[in-house]
Amino acid sequence: MTEKINIAVIGGGIIGCAVAWDLSERYEGVFVFEKNSGITQGENQSSRNSGVIHSGIYYDQETRPLKAALCVEGNRLLYDFCERHKVPALKTGKLIVATNQAEDNILGMYLDRATKNQVPGVERITGEEVSLLEPNVVAESALMVPSAGIVDPMSFVYRLNTLASNNGAQFMTDTEVAGFELAGDGINVVFRYRDGKTDRAISNVVINAGGVDSDLLARLIRPDSPYELDPVRGESYKFYGHKRPELKLQGMNIYPTPELVHTQHGSHFTVGVHLTPTFDDFFYPPVVGSTVTVGPKLVAVRDRKDVSCPPLDAGVFASKARSYFPGLKDDDLIWHQMGVQARLKGQPDFVIQADSAAPDFINLLGIDSPGLTSSLAIARRVGKMVDGLIRS
Ligand SMILES: Cc1cc2nc3c(=O)[nH]c(=O)nc-3n(C[C@H](O)[C@H](O)[C@H](O)COP(=O)(O)OP(=O)(O)OC[C@H]3O[C@@H](n4cnc5c(N)ncnc54)[C@H](O)[C@@H]3O)c2cc1C
């Protein structure tokens with residue numbers, strides 16, 4: 001007989017783990033299906049991101065209202081969670097620097113956006129004030145964003161996983177979901193173990209948190225789903241701040257003014273190649289170390305099954321960063337990592353919605369950056385949707 005479960009979460013990345021934790025606080029029978037051998041293993045987004053706690057300043061209310069709201073809410077929830085559960089996280093603050101008048105004008109637009117999105121405490125500061133905060137950074141002016149910070153993403157996922165497991169959620173690793181069938185009393189989840197054997201469980205609710213494969217999972221329940229991902233490779237390098245005095249940073253996130261890029265799908269601003277401090281391993285309370293990541297720089301992926309391609313040259317990153325951090329030389333940079341973002345084609349916002357033909361199937365699509373920051377707010381929102389389904 002097919003096993004009956006309450007809630008099936010597909011995908012054990014940050015989003016699947018956050019949703020499972022939130023739901024396991026009040027529901028029994030939560031199962032997470034993860035095709036990798038472990039949570040946080042494999043080349044998913046959650047193990048290969050920049051670890052920045054975003055403030056919510058980048059997202060306009062017109063085209064990205066969910067990102068705007070969930071990032072600001074998620075920022076607050078994430079700091080609270082990390083403090084309560086001893087996950088390394090620090091409100092380092094962020095400088096978004098302008099190096100000329102044109103960039104300074106763009107910063108004005110982001111300052112207005114900060115006000116609209118209710119991002120706390122954002123201020124415009126002068127180049128002299130920038131050099132007092134970060135002497136090796138050169139700028140005409142900047143936005144100082146105090147609520148931005150950094151988190152250790154792997155520790156965060158690990159803690160969510162532990163808390164959800166302690167509440168009774170079951171994590172089925174090495175288990176790939178291969179299909180869904182609508183049944184009279186729920187949704188049949190068909191899954192395959194690593195040895196090739198298949199099995200099925202019938203679930204009251206299904207949540208698709210499949211990251212870069214979330215559009216494929218959406219099509220397993222509805223072949224004509226309108227959403228398609230257009231994944232992008234995010235590459236980054238790193239340097240060691242103790243190597244030379246000109247590379248020393250005080251520990252803030254340093255971002256350039258967002259840059260307008262033109263693609264075949266239209267024009268949009270990208271946050272640009274930025275400098276992100278990281279933690280020295282294994283200290284709690286967390287200590288910012290000497291390693292600083294530089295990137296990511298986004299590159300289109302032609303075939304999502306084969307995202308490998310020669311990495312961009314270090315010089316590309318160094319020359320971008322030198323515009324505001326002049327002491328950086330090409331040969332200071334060491335390859336850091338590559339991660340693939342689950343960007344949606346033609347849709348800049350997160351999509352969090354029940355399938356129109358199967359209301360007990362909730363899709364989380366296009367959860368690219370700032371998905372890490374927004375994760376606990378996304379989980380809350382999904383939790384409310386599930387409450388509505390289970391109590392109705
Ligand atoms: C380079 C880069 C930098 C980023 N920087 C930041 C940042 O600084 N700040 C920020 O807020 N966000 C950042 N992000 C975004 C953030 O990392 C993601 O939004 C977040 O990790 C998404 O988590 P997820 O759980 O949705 O996806 P994933 O981590 O990709 O997890 C999806 C999981 O689903 C599993 N899965 C897929 N299909 C199946 C199936 N059929 N059966 C079973 N399991 C399946 C996969 O194995 C995977 O483990 C960045 C992302 C990248 C790539």
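Modeller: Let's begin at the ligand: 41 residues surround it, and the closest are G11, G13, G211, G234 and G371. Keep in mind that this is a predicted model.

Colleague: Which elements give two or more residues to the shell around the ligand?

Modeller: Those are helix 1 (14-24), strand 10 (175-183), strand 19 (334-341) and helix 8 (371-391).

Colleague: And how do the residues of that shell divide into nonpolar, polar and charged?

Modeller: The shell has 14 nonpolar, 21 polar and six charged residues.

Colleague: Next, the domains. What does the domain assignment of the protein chain give?

Modeller: Domain 1 is 3-47 + 155-228 + 347-391, and domain 2 is 94-146 + 232-341. Taken over C-alpha atoms, their centres are 32 Å apart.

Colleague: How many residues are in contact between domain 1 and domain 2?

Modeller: Five residues of domain 1 are in contact with five residues of domain 2. On the domain 1 side, that's two nonpolar, two polar and one charged.

Colleague: Where does the ligand lie relative to the two domains?

Modeller: Both domain 1 and domain 2 give residues to the shell around the ligand, so the ligand lies between them.

Colleague: Now helix packing. At what angle do helix 1 and helix 5 pack?

Modeller: The angle is about 30°, and the axes of helix 1 and helix 5 (residues 153-166) are 8 Å apart.

Colleague: Is their crossing left-handed or right-handed?

Modeller: Helix 1 and helix 5 cross in the left-handed sense.

Colleague: Which residues of helix 1 and helix 5 meet?

Modeller: From helix 1 you have I14, C17, A18, A20, W21 and S24, and from helix 5 they meet P153, F156, V157, L160, N161, L163 and A164. By class, this contact has eleven nonpolar and two polar residues, with no charged ones.

Colleague: On to strands. What's the general idea for the side chains?

Modeller: In a regular strand, side chains alternate between the two faces of the sheet. As a case to look at here, take strand 1 (residues 3-10) and strand 12 (residues 198-208), which pair in the parallel sense over seven bridges. Within that pairing, K4 has I202 as its bridge partner, and I7 has V205.

Colleague: How many bridges join strand 1 to strand 2?

Modeller: Four, and strand 2 (residues 30-33) runs parallel to strand 1. V9 stands opposite V32 there.

Colleague: Back to strand 12. How many bridges join strand 11 to strand 12, and in which sense do they run?

Modeller: Six bridges, and strand 11 (residues 186-193) runs antiparallel to strand 12. V190 is opposite R200. The hairpin of strand 11 and strand 12 has four residues between the strands, and in it G196 takes a positive phi near 95°.

Colleague: And strand 21, in which sense does it run with strand 12?

Modeller: Strand 21 (residues 361-365) and strand 12 run parallel, joined by three bridges.

How values were computed: Residues are numbered from 1 along each chain as its sequence is written. This is a predicted model: local features need pLDDT of at least 70, side-chain atom pairs count only at pLDDT 80 or more; totals for chains, interfaces and linings use all residues. A residue is near a molecule or strand if its C-beta atom, placed from the backbone, lies within 6 Å of it. Ala, Val, Leu, Ile, Met, Phe, Trp, Tyr, Cys and Pro count as nonpolar, Asp, Glu, Lys and Arg as charged, and the others, Gly among them, as polar. Domain bounds come from an automatic or database domain assignment. Two residues are in contact if their C-beta atoms, placed from the backbone, lie within 7 Å. Axes are lines fitted to C-alpha atoms, for helices over the stretch in contact, and angles run from 0 to 180 degrees between N-to-C directions. A crossing is left-handed if the near helix is turned anticlockwise from the far one by less than a right angle, and right-handed if clockwise. Two strands pair if DSSP finds at least two bridges between them.
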